[in-house]
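Here is a friendly walk through a structure that may be new to you. Please keep the sequence and the 3D view side by side as you read.

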Amino acid sequence: MNCEEAQGLLDAHSLGALDRSEAGRLEKHLAGCQECRRLHQEAVEASALLALAAPLRRASPALRLRLRQRLAPRPALRWFPAPRLSWATGAAALVAVSVGALTWGGFLQTQVNGLKEDNDRFAVLYDELDRRGETVDVLQKALTDAAFRQEHLQNLLQEQDQAMRVVALGGEGQEDLVGTLPASEARGRYMWSQEEGLGVLFLSNLPQLPEDSTYQLWVTREGGSPVSGGTFTPQDDGSARLIVRTSDLAGTLTGMAITVEPAGGSTTPTGDIVLQGQR
Amino acid sequence: MNYTECPDEELMTQLSRQDIQAFETLYDRYGNLVYSVSLRILRDVQAAEDVVQDVFLRVWRKPDHYDTARGRFLTWLLSVARNRAIDEQRSRGRRQRFEVGSSPLEGEGPPGDESDDPALAAVLADQRTAIRHALAGLPPEQRSAIELAYYGGLTQQEISRALGEPLGTVKTRIRLGMQKMRAALATARLGFQSEDELRGSSGIAGRP
């Protein structure tokens with residue numbers, strides 16, 4: 001292909017209107033001809049201007065939001081901080097993530113599904129309000145909040161899947177807890193799996209407590225003082241299921257106990273021990 | 001860093017450092033343009049939004065695909081958007097006849113602003129007027145052939161079949177139409193100015 005022939009095809013090529021073989025021959029010529037490449041670039045720039053002839057329409061602000069959300073990982077769960085403290089931190093909580101967790105799977109899935117529907121509704125409403133030129137700040141915040149809640153609940157679901165595996169496979173070990181007066185009928189079993197990185201504590205026959213009191217889980221390591229695993233309220237039938245997440249689930253664990261504490265919990269055990277297990 | 005004053009090419013450099021603000025600045029400048037051309041080609045709001053999302057995610061993930069040596073950023077961006085929309089149109093098997101001067105579709109959204117950048121919006125509005133005048137000044141058959149190629153994604157062969165005109169006639173219409181359009185744009189001082197002139201006036205990708 002010579003320059004004259006090539007230059008006769010530049011406009012059509014810039015419009016994408018050449019068939020494949022013709023485009024291939026032209027591109028081969030362009031690769032070796034600087035002047036034709038320069039003219040081709042001019043043709044491309046002119047063709048690009050045709051985009052401006054399209055009627056100008058405003059893209060939905062919701063599209064900008066969706067795009068922005070896909071750029072980077074979402075921030076940490078700001079509204080549902082889940083404490084993940086190790087024994088070694090000696091801080092307030094050992095993490096009792098959920099009570100009645102193993103029976104909540106269906107409930108949580110329903111919640112997640114509901115939130116997905118909420119998100120879709122918010123997005124539609126957002127678009128509609130925006131088209132009407134009304135403020136969307138509140139909706140934007142609600143949409144973002146709902147997305148975080150959805151993610152948080154999804155994380156809980158995954159955690160419960162792990163707990164189910166610990167129970168189904170028997171874990172790597174287990175300890176029994178025995179009730180003491182005034183809850184001599186109470187029983188507990190703690191199963192853990194280092195592989196899954198969590199333990200599951202099953203409790204039963206716990207008496208209901210007055211509103212100004214709460215149950216609190218404590219664990220101790222050799223030579224250390226009790227560390228709180230958080231407070232919880234049993235189900236109506238006196239049962240509770242706690243998911244326990246620590247850096248050391250059993251290795252240096254010397255004791256586990258449940259006490260009755262003032263509502264809100266205590267920094268060190270102050271009330272009666274109602275369940276305890278000793279190694 | 002003043003993102004608002006930053007040239008497109010510099011913002012693209014920032015993207016290689018995962019600079020989200022640089023990305024948002026580019027989107028605010030050209031998101032409406034990309035959406036508009038996609039909508040013109042696809043005539044489907046959802047599909048056009050999908051194209052916008054794909055195009056800008058590509059910009060975000062692979063900024064190095066833009067080569068400054070091969071032209072200005074907006075030229076490249078609009079080419080990417082147009083090609084992506086044409087691909088989508090083909091994959092949907094919804095190729096259709098595009099009539100010259102067809103009216104906008106119902107429900108495709110409100111008229112947009114050129115850009116969130118007021119200075120750039122003014123430049124783009126001038127360019128829009130100029131390109132429309134240039135197109136309007138073409139004989140209808142030349143304008144139609146160009147629009148079928150650009151917005152319809154048809155090759156010259158396909159246009160020839162669609163219009164029932166000889167292939168040579170279609171080739172001539174496209175070549176003459178584009179020549180006249182370039183001449184009209186040159187008269188309006190658009191399209192082929194030097195970089196300095198572009199930045200000082202109204203080139204398509206030059207920042208005012």
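Strand S2 of chain A, residues 187–193, is mostly covered, with five of its seven residues buried. Here a residue is buried if 20 or more other C-beta atoms lie within 10 Å of its own, exposed if 12 or fewer, and partly exposed in between, with C-beta atoms placed from the backbone. Helices (H or I, at least four residues) and strands (E, at least two) are DSSP runs, numbered from the N terminus.

Before going on, a word on what you are looking at: this is a predicted model, in which local features need pLDDT of at least 70 and side-chain atom pairs count only at pLDDT 80 or more, while totals for chains, interfaces and linings use all residues. Residues are numbered from 1 along each chain as its sequence is written, and chains are lettered from A and ligands numbered from 1 in the order in which they are written.

Which strands pair with S2(A)? On one hand there is strand S1 of chain A (residues 173–179), joined to S2(A) by six bridges and running antiparallel to it. On the other there is strand S3 of chain A (residues 198–204), joined to S2(A) by seven bridges, again antiparallel. Two strands pair if DSSP finds at least two bridges between them. Tyr190(A) lets you follow both pairings: this residue of S2(A) is the bridge partner of Glu175(A), and Leu201(A) is its bridge partner in S3(A). The hairpin of S2(A) and S3(A) has four residues between the strands, and Gly197(A) takes a positive phi near 80° there.

Now step back to chain A as a whole. Its secondary structure comes to seven helices and eight strands, and 33% of its 279 residues count as buried. Among the contacts in chain A with a separation of 6 or more, 66% are between residues 24 or more positions apart. Two residues are in contact if their C-beta atoms, placed from the backbone, lie within 7 Å.

Leaving aside neighbours within four places in sequence, Pro269(A) is in contact with Trp218(A), Pro226(A) and Thr259(A). Ser228(A) is 41 residues from Pro269(A) in sequence and 8.3 Å from it in space, C-alpha to C-alpha. Is Pro269(A) buried, exposed or partly exposed? It counts as partly exposed because it has 18 C-beta neighbours inside 10 Å.

Next, look across to chain B, where 55 residues are in contact with 35 residues of chain A. The largest share of this side of chain B, 11 residues, comes from H2(B).

One pair of helices shows the meeting of the chains in detail. Helix H5 of chain A (residues 61–71) and H3(B) pack at an angle of about 35°, with their axes 10 Å apart. Axes are lines fitted to C-alpha atoms, for helices over the stretch in contact, and angles run from 0 to 180 degrees between N-to-C directions. The residues making this contact include Leu63(A) and Leu67(A) of H5(A), and Val52(B) and Phe56(B) of H3(B).

Finally, visit helix H1 of chain B (residues 8–15), whose buried residues are Asp8(B), Leu11(B) and Met12(B). Seen down the axis of H1(B), these buried residues fall within an arc of 105°, so they line one face of the helix. The arc is that of the directions from the helix axis to the C-beta atoms. The buried residues of H1(B) pack against H2 and H4 of chain B.
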